[in-house]
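My notes are below the display.

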Amino acid sequence: MVAWFDELELDPAVSWRRMGTRSLGDRPWLIADERHDAERALRRRLFEQSPDDVFVAAPLDVGTEVCDLVRRHTDVGATPESDPLATAGLAVQEDLCLLRRRDGGWHLDAAFLCFPSRWRLADKIGRPLVEVHGPTPGYATHLAGKVDRLLDRLGNRPVLRRNWFVHPDPSLHQPTRPPVDPVVPAADVGTGLHLRSERQTLRRLGCGWVLFTIRIQHEPLGRLLAVSRHRHRFTHYVVNAPIEDLAHRGMASNQVRELAVALEIAGQRSQI
């Protein structure tokens, strides 16, 4: 059973616009799993082949603080690179984004980002968060102020949040947003659709910057549906969530129709 399935927000009454942050508590800050070696190898390959696509350095003192912090929280050694943020980013499965408050708002000013969910680092670096999230409908009106207030009052104890999407592409490195996702037919949704979740943490560094970690976890949708209680929760979500929430999570109306057949819930939803 996949443990993180239990952390997914599948209440259709809870909008994706909800921040949903909570204290990390005694949960691990960084997570290493059975895909650790393969994902680290992919991160190194991306970094070596196209460093400008995945890496923007931080000031030396900021990068060094991140690297020291990562070393204290992982048993895995890393080959020292010429830049400490690169050393940290190659040691873990998480992407590392660094936010700085300047010019009246929080900006994405450095990162080691190998596994973006349909966005390019080059398009976002140096921009305020409201522009970073520009393609997200409703971010400016519903979330921008909440995010800024959260970052302003953040302490050095990490907070945790998680989001999730359903994509037909299982690739970890997804810098491109397709104009339209292909529709996976009902018979193939278990293997052709993939649950992609971002486990995110935020913490303030001693230098005043904020470290934002993003850990991509993904599984074929069939693994979720194979467990009856998860299938029940997911079905309830698909039946009852607003159409715009489903679309935000990657399930446009034509894909929802195929899911309805696969989940044997056709007819339970008037919009389908």
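These notes go from the sheet to its strands, then to the helices.

I worked on a predicted model.

Sheet. I read off the strand order and found an open sheet of seven strands, S1-S5-S6-S7-S3-S4-S2, with antiparallel pairing. I then checked the edges: S1 (22-23) and S2 each have a single partner strand, so one side of each has no neighbour in the sheet.

Strand S4. I looked up how covered S4 (residues 105-112) is, and eight of its eight residues are buried. On one side I found S3 (residues 95-102), which is antiparallel to S4 and joined to it by seven bridges. Leu98 has Ala110 in S4 as its bridge partner. The hairpin of S3 and S4 has two residues between the strands, and Asp103 there takes a positive phi near 50 degrees. I also noted S2 (residues 55-56), which runs antiparallel to S4 with two bridges. Val56 is paired with Ala111 of S4.

Strands S5 and S6. I found nine bridges between S5 (residues 159-167) and S6 (residues 194-204), again an antiparallel pair. Arg162 stands opposite Arg199 in S6.

Helices. I traced H3 (residues 60-72) across S3, S6 and S7 (210-220); H3 runs at about 140 degrees to S3. Next I took H1 (residues 36-49) and H4 (residues 84-91), whose axes come within 8 Å and cross at roughly 145 degrees. H1 makes this contact with His36, Arg40, Arg43, Arg44 and Phe47, and H4 with Ala86, Gly89, Leu90 and Ala91. I sorted the residues of the H1 and H4 contact by class and got four nonpolar, two polar and three charged.

Definitions and conventions: Residues numbered from 1 in each chain as written. Predicted model: local features only at pLDDT ≥ 70, side-chain atom pairs only at ≥ 80, totals over all residues. Heavy atoms only, no water. Axes fitted to C-alpha atoms, helices over the stretch in contact; angles between N-to-C directions. Helix = DSSP H or I, 4+ residues; strand = E, 2+ residues; numbered from the N terminus. Contact = heavy atoms within 4.5 Å. Nonpolar A, V, L, I, M, F, W, Y, C, P; charged D, E, K, R; others polar. Buried < 20%, exposed > 50% of the residue type's maximum accessible area, 1.4 Å probe, protein only. Pairing = 2+ DSSP bridges.
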